[in-house]
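Please read this briefing alongside the sequence and the 3D view. It is grouped by topic.

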Amino acid sequence: VDPTLDLVAEIQRLRTEKNAVILAHYYQAAEIQDIADFIGDSLDLSRRAAETDADMIVFCGVRFMAEVAKILSPQKKVVLPDLKAGCSLEDSCPPEEFKKFVEAHPDHMVLSYINCSAAVKALTDIIVTSSNAEHILNQLPQDQKVIFAPDKHLGGYLSRKLNRDMLLWQGTCMVHELFSEKELIKLKARHPNAPVAAHPECPDQILQHAEHVGSTSSILKFALESEADTLIIATEPGIIHQMEKAAPHKTFIGAPGADGNCSCNTCPYMALNTMEKLYLCLRDEGPEIDLDEQTRVAAEKPLRKMLELST
Ligand code: 13P
Ligand code: SF4
């Protein structure tokens, strides 16, 4: 790309010309968040994708999120700036192995966290996100046996909170696993009045120090509504951009990894999307998300169920 090109102006021009909508997750680079039509958590973004009347959805997030957009809006062109933007939770649940696991427990209902492949969604009864998992689980009878995949930390958190045993697939998010309890305790000692807000993908030893546990949008809401002037944020630090924009007088500190700072907790997959790739993706209308129709239809069912149960 010509280095003198005004990427912001070009993206604006192409977006209008092609009737495209740019959806971005809170973990995207600040400049991508700033140019997006809509920023949100996984649930917000899937709702937007289902409702949009744009001809093309440019998804600035990871591949499973763009796949959800395609599953819910199959007639639309869905593009992702970098198709290699995967997710370690998705990688930790290979569909073939998961299929055997599900078949070995035929009396269980299958709940899967939205951070999984379309093939795993196709083996699922109800999809959940960190925003609606609790609300959805509360609608199931207490004696309903449940498989929860792929995140063992989110599953463990829900099991403890709702006092419900679930069969947990042992997947994890490599980013949220990197927070260090030892360094977090030291940081809390330096900022004794700073509440900790954490994503439920964090291991329990981190969640135990948190005043608030929830999805990215609920962490943002908590941070903005809190009376504290300093907060510690235990999730991917990309979200701090929206906090600083909305509350410039407050201080937001990313929870530390073992090296004592938060830079190691950047999601390497989210970081693959850049402004340059966003421009190219709008210009070339690709790389495009393409799913085989059988998988798409099978994955749509548990996603629609999620949308129905999360209102
Ligand atoms: P949210 O649904 O809370 O935005 O989480 C998405 C995600 O990938 C967290 O790592
Ligand atoms: Fe996946 Fe973790 Fe990145 Fe979220 S932060 S997209 S769960 S690897």
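Predicted model: local features only at pLDDT ≥ 70, side-chain atom pairs only at ≥ 80, totals over all residues.

Residues are numbered from 1 along each chain as its sequence is written, with chains lettered from A and ligands numbered from 1 in the order in which they are written.

**Confidence**
- Mean pLDDT (the predictor's confidence in each residue, from 0 to 100) is 97 for the chain, and 100% of its residues reach 70 or more.
- For the complex, the predictor gives an ipTM of 0.98 and a pTM of 0.97.

**Ligand shells** (C-beta atom, placed from the backbone, within 6 Å of the ligand)
- The shell of ligand 1 consists of Asp41, Ser42, Asn115, Thr129, Ser130, Cys173, His199, Glu201, Ser215 and Thr216.
- Ligand 1 lies between domain 2 (89-172 + 298-309) and domain 3 (176-265), because both give residues to its shell; the bounds come from an automatic or database domain assignment.
- Around ligand 2 there are 13 residues, and the closest are Cys87, Ser88, Cys173, Val175 and Cys267.

- In helix α3 (residues 42-51), the buried residues (20 or more other C-beta atoms, placed from the backbone, within 10 Å of their own) are Ser42, Leu43, Leu45, Ser46, Arg48 and Ala49.
- Four strands make an open, parallel sheet in the order β6-β5-β7-β8, where pairing requires at least two DSSP bridges.
- Its edge strands are β6 (126-128) and β8 (167-168), each pairing on one side only.

Notes: Buried ≥ 20, exposed ≤ 12 C-beta atoms within 10 Å, placed from the backbone. Helix = DSSP H or I, 4+ residues; strand = E, 2+ residues; numbered from the N terminus.
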